[in-house]
Amino acid sequence: MTRYALRAASLVAALGVWQLLTSLNVDLWLRFSQFPTVADVARTFADRLTGDDYWTDLTDSLTRIVTGFLLAAVLGVATGVLVARSRLAEDLLGPVLEVLRPIPAIALVPVAILLFPSNEQGIVFITFTAAFFPVLVSTRHAVRALTPVWEEAVRTMGGGRSRVLGSVVLPGALPGIFGGLSVGIGVSWICVISAEMISGQYGVGYRTWQDYTVVDYPGVFVGMVTIGVLGWLTSTAVELLGRRLTRWLPRTSYVPVGRTPRRVSGAAAAVPVNPATQEDLPHDQLV
């Protein structure tokens, strides 16, 4: 509770500094007099919440993000495993992927406009491309980092390729895969907002750009706050799902400086405890 209170206090302090600098029209090097105050943004935010346009934009942006990100997650993991496990796939797909990977997803907006019949499909394509390569690269590195001993043990017990894939490759690579998914969801928000500003008709990014063109600066900040909150919620959801699916991993608990971890003696020391759940792990999950 102390840590949550400290985090809330830091946020309140940041908002207080913002309100103070803008209400006093402080102009030193940064021109805070051009900024709307926290109160102005809050009033505009309250007005937007009572209208239909805000919720329509929110729904459109979330639909584009979820669609593009799910496609990127499935295809990125599949392609990463394929490239990491097959030399033929690496030789055929590797050069093409490495040439395309450095290209920013937002630079593909003209390609999306020419390629797809509707702007909606083009924006989903931009979102997909933004998340695909982080997921692909993290999956590829995670699979290649697996120790060969695990695969050899499964094959020794008569397991085939499907057994190795389901029992060794995918579970062992899950931490790396979710690392790529966490990066991918953040990059997806950056690119979907930019794509909505360029070629969208609805969405948080489109509305934010429209507010800027009509010099509605409190509305611009409402869009920025909405983007930040949505990005935080989706990233948190991905991280929580990753922790849920990797509960078998050993967790390192935080120990403050000056304290020593509590030692367990006797029979209780023979059974490891998962610090994340504080429950005794079954022996078959300790291999």
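Asparagine 25 sits in the loop that joins helix 1 (2–23) to helix 2 (38–49), where helices are DSSP runs of H or I with at least four residues, numbered from the N terminus. The structure is a predicted model, in which local features need pLDDT of at least 70 and side-chain atom pairs count only at pLDDT 80 or more, while totals for chains, interfaces and linings use all residues. Residues are numbered from 1 along each chain as its sequence is written, and side-chain values use heavy atoms, with hydrogens and water left out.

Most residues other than glycine have a negative phi. The table sets out both residues, with exposure classed by relative accessible area (buried under 20%, exposed over 50%, partly exposed in between, with a 1.4 Å probe and protein chains only).

**A nonpolar surface patch**

Leu82, Leu88, Leu92 and Leu93 make a nonpolar surface patch of about 390 Å². Such a patch is made of residues with over 30% relative accessible area and no salt bridge, nonpolar side chains being joined within 5 Å; a salt bridge is a side-chain nitrogen of Lys or Arg within 4 Å of a carboxyl oxygen of Asp or Glu. Accessible areas come from the Shrake-Rupley method with a 1.4 Å probe. Helix 4 (residues 87–100) gives the most to the patch, with three residues. Leucine 93 is placed in helix 4, and it counts as partly exposed because its relative accessibility is 36%.

**The cavity**

A search of the whole structure finds one cavity of 30 Å³ or more, a cavity being a set of points on a 1 Å grid over the protein atoms alone where a 1.4 Å probe fits but cannot get out, with lining residues having an atom within 4 Å of a point. The largest cavity holds about 50 Å³ of space, the volume being that filled by probe spheres set on the points. Helix 5 (109–115), helix 6 (119–144) and helix 8 (161–199) are the elements that give two or more residues to its lining, and helix 6 gives the most, with four residues. Among the lining residues are Val109, Ile113, Asn119, Ile126 and Ser199. The lining divides into six nonpolar, four polar and no charged residues, with Gly counted as polar.

Technical notes
On a 1 Å grid over the protein atoms alone, a cavity is a set of points where a 1.4 Å probe fits but cannot get out, and a pocket is an open set with protein on both sides within 12 Å along at least five of seven lines; lining residues have an atom within 4 Å of a point. Patches are made of residues with over 30% relative accessible area and no salt bridge: like charges are joined within 9 Å, nonpolar side chains (Val, Leu, Ile, Met, Phe, Trp, Tyr) within 5 Å.
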